[in-house]
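User: Please take me through this model by question and answer, with the cut-offs spelled out where they matter.

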Amino acid sequence: LDVQNMFLHGVLEEDVFMRQPPGYENKNTPHHICKLDKTLYGLKQAPRACYSRLSTQLHQLGFTPSKADTSLFFYHKGNTTIFVLVYVDDIIVASSSPAAITCLLRDLNSEFALKDLGDLHYFLGIEVKKNNDGILLSQEKYNVDILRRVGMEHCKPVSTPLSTSEKLTIEGGELLGIEDATNYRSIVGALQYLTLT
């Protein structure tokens with residue numbers, strides 16, 4: 001699911017003020033400021049306020065937050081189990097009952113503008129493929145994309161990714177042939193994400 005205009009759904013708990021937006025200034029009171037009731041895109045309080053509103057709604061529907069992962073909520077009653085995973089404005093729903101998903105979507109649609117994106121195929125670098133035994137999670141596409149970014153899509157696999165004869169020093173040496181430190185950090189970050197997931 002995709003929550004449309006997610007950052008416009010958060011209700012602010014603290015006072016936030018802003019200048020009148022360009023094109024909407026009141027000509028009689030041009031120096032007045034606006035007190036926001038709801039969040040806007042770019043507001044640093046927006047993600048927290050939106051998450052709070054969504055988690056409150058899920059709690060009212062009988063969901064329990066996971067103690068291991070704050071973005072995971074679950075519902076279990078009788079033979080029905082539903083898992084809801086929230087990542088910013090994207091939501092994954094998995095359930096033992098298709099009818100339960102329909103009810104959940106109806107209830108959430110009363111508060112949020114949801115777009116059903118259909119079956120899950122790709123999420124945060126993880127491919128999801130259905131098979132007869134269940135689902136298969138794979139990061140093959142993510143791996144290939146990283147290799148393509150560094151121009152190594154045709155490389156041969158080895159047990160040690162570094163040259164064993166290379167002498168590393170603080171002062172010199174190339175970083176995998178990458179002179180751009182920002183690009184290097186980006187690739188290292190992508191590899192760290194890969195190993196963590």
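Predicted model: local features only at pLDDT ≥ 70, side-chain atom pairs only at ≥ 80, totals over all residues.

Analyst: Residues are numbered from 1 along each chain as its sequence is written, and side-chain values use heavy atoms, with hydrogens and water left out.

User: What distance separates the end C-alpha atoms of helix 1?
Analyst: Helices (H or I, at least four residues) and strands (E, at least two) are DSSP runs numbered from the N terminus, and the expected span of a helix is 1.5 Å times one less than its number of residues. Helix 1 has 15 residues and should therefore span 21 Å, which agrees with the separation of its end C-alpha atoms, 21 Å.

User: Is glutamine 57 buried or exposed?
Analyst: Glutamine 57 lies in helix 1, residues 46-60, and it touches Asp107, Leu108, Glu111 and Phe112 when residues up to four places away in sequence are not counted; contact here means heavy atoms within 4.5 Å. On the scale used, buried means under 20% relative accessible area, exposed over 50% and partly exposed in between, with a 1.4 Å probe and protein chains only. Because its relative accessibility is 11%, glutamine 57 counts as buried.

User: Which elements do the buried residues of helix 1 pack against?
Analyst: The buried residues of helix 1 are Ala46, Ala49, Cys50, Leu54, Ser55, Gln57 and Leu58. Their packing partners are strand 5 (72-77), strand 6, strand 7 and helix 2.

User: Within what arc do the buried residues of helix 4 fall?
Analyst: Helix 4 covers residues 181-196, and its buried residues are Ile187, Ala190 and Leu194. Seen down the helix axis they line one face, because they fall within an arc, taken over the directions from the axis to the C-beta atoms, of 60°.

User: Which helix do the buried residues of helix 4 pack against?
Analyst: On the other side of helix 4, Thr182, Arg185, Thr195 and Leu196 are exposed. The buried residues, in contrast, pack against helix 3 (140-149).

User: Which strand gives the most to the lining of the largest pocket?
Analyst: A pocket is an open set of points on a 1 Å grid over the protein atoms alone, where a 1.4 Å probe fits, with protein on both sides within 12 Å along at least five of seven lines, and lining residues have an atom within 4 Å of a point. Of the 33 residues that line the largest pocket, the closest to its centre are Ile91, Ile92, Val93, Ala94 and Leu120. Helix 2 (98-109) and strand 6 (80-87) are among the elements that each supply at least two lining residues. With 6 residues, the element that gives the most is strand 7.

User: How accessible is leucine 85?
Analyst: Leucine 85 is found in strand 6. Leaving aside neighbours within four places in sequence, its contacts are Asp69, Ser71, Leu72, Asp90, Ile91, Ile92 and Phe123. Leucine 85 is classed as partly exposed because its relative accessible area is 26%.

User: What is the phi of leucine 124?
Analyst: Leucine 124 lies in the loop between strand 9 and strand 10 and is partly exposed, with a relative accessible area of 36%. Its phi is positive, in a residue other than glycine, and is near 50°.
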